[in-house]
Amino acid sequence: MTNETSPTDTAPATPAPAATPPSARTERPPASAPRRGGGALAVAILFSLAALGAAGYTAWTVWNLRQDVGAANGLRGQVDTLKAAVEGLRDDNATLRRRVSDADGVNRSAREEMLGVSERTRNLEDAVANLSERSLSGHDAMLLDEAESLLRMAKERFALFGDASGALSAYDLADKTLAAVNDVAFAAVRQNVGAEREALAAVAPVARANDLAALAELRAQLPTLPLKSSDTKTADKSQRDFWQRAGDALGSIVKVSHDDGTPLGLADDRIARELAALDVAHAEAAVLAYDDVNRQAALKRVDATLAARFDTSSPAVQAARSRVSALLASQAKGAEPKLGAALTELRNLRSVHALKGGASTAAPAHAGSVATPHEDTP
């Protein structure tokens, strides 16, 4: 900023001049110096304002730059923080990768151990299966032997002695034995056993045994039964018709007989008892042979002999005739059952299983010698 002085201050102090003429006053420029000082002041003010504006702009620009620098410093700090976090994440990632690789190694070794354990378990299962199969086969073989013996015994007992009750009991035991067999292939044998049991039960073994016992008692009782006396015969003759009496009269005149040295009455009694006993024995044989026709005929002959030659008024004879009537009405009837189909089928199945068992024992021995390789999958 410049300082200007007026010309009055610079001029020396001199006495006041005298009055000058009017022409000299007009030539003096009294206002030129103040005009010159006012323009400079305006210019100075303008320059001052421009300087102030430039300074303000500069200050504002510096302030903005400082703000940007602060923000940049903050961002740089955040970047550094993020960089440190990223580095930490990289370290963690590397640690996780190492752990994953270690876990993969552990899993691989565990997989190998598991495969080894599974193979050992499979071998152990095969060994246990073979052992259980052998034990089951031995158990089944024992049961099948027992069932076959029972069926054979039932067949022979029925064939030799006609013992349907004993055969039926043996068939019951054989069916229970076959039910304990684990192999389902022998179920058909049980069906045949059931069919033969039904055939044996149809002939009523208990009633047939009771009939045989009754016939044996009757045969033992015949020698003690009373025969008809002469008075009874005379009373019977009085009740006969004309032609029967005429025949008896002619028979009394001419009679052909074999004289064996015994009295005639004793011979007739012996013949009557022997005929009755023979018919009873014939009935027993028919019962054992399941011959219903001959049994009925023999029993009718026994009843006719008892009525003709024995004393029908005797309670013992009446009881014997009642027993014969009960035997005629017995339910123990039917054809002889055919046994042996179940035994034959059991033997055939056992033969087939024996052949299969021989082939299966060779197959596992060959299969056990070959080990199955296991590939490790990464």
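In this predicted model, helix H4 meets helix H5 through Ala164, Ala167, Leu168, Tyr171, Asp172, Asp175, Leu178 and Ala179 on the H4 side, and through Val189, Arg190, Val193, Glu196, Arg197, Leu200 and Ala201 on the H5 side. By class, the residues of this contact comprise 10 nonpolar, no polar and five charged. The structure also holds two aromatic pairs.

**Packing of H4 and H5**

- H4 covers residues 164–179 and H5 covers residues 187–202; the two pack at an angle of about 160 degrees, and their axes are 10 Å apart.
- Because angles over 145 degrees count as roughly antiparallel, H4 is roughly antiparallel to H5.
- The crossing of H4 past H5 is left-handed.

**Aromatic pair Tyr57 and Trp60**

- The rings of Tyr57 and Trp60 are tilted, with 35 degrees between the planes and 6.2 Å from centre to centre.
- Both residues belong to helix H3 (residues 32–161), where Tyr57 and Trp60 are three residues apart, about one turn of the helix.
- Tyr57 and Trp60 are both exposed.

**Aromatic pair Phe158 and Tyr290**

- Phe158 and Tyr290 also form a tilted pair, at 5.6 Å centre to centre and 40 degrees between the planes.
- Phe158 lies in helix H3, whereas Tyr290 lies in the loop between helix H9 (264–288) and helix H10 (292–309), so this pair ties together parts that are 132 residues apart in sequence.
- Phe158 and Tyr290 are both buried.

Notes:
Residues numbered from 1 in each chain as written. Predicted model: local features only at pLDDT ≥ 70, side-chain atom pairs only at ≥ 80, totals over all residues. Heavy atoms only, no water. Axes fitted to C-alpha atoms, helices over the stretch in contact; angles between N-to-C directions. Helix = DSSP H or I, 4+ residues; strand = E, 2+ residues; numbered from the N terminus. Parallel < 35°, antiparallel > 145°, perpendicular 65-115°, else oblique. Left-handed = near helix turned anticlockwise from the far one by under 90°. Contact = heavy atoms within 4.5 Å. Nonpolar A, V, L, I, M, F, W, Y, C, P; charged D, E, K, R; others polar. Phe/Tyr/Trp six-rings, centres within 6.5 Å; stacked < 30°, edge-to-face > 60°. Buried < 20%, exposed > 50% of the residue type's maximum accessible area, 1.4 Å probe, protein only.
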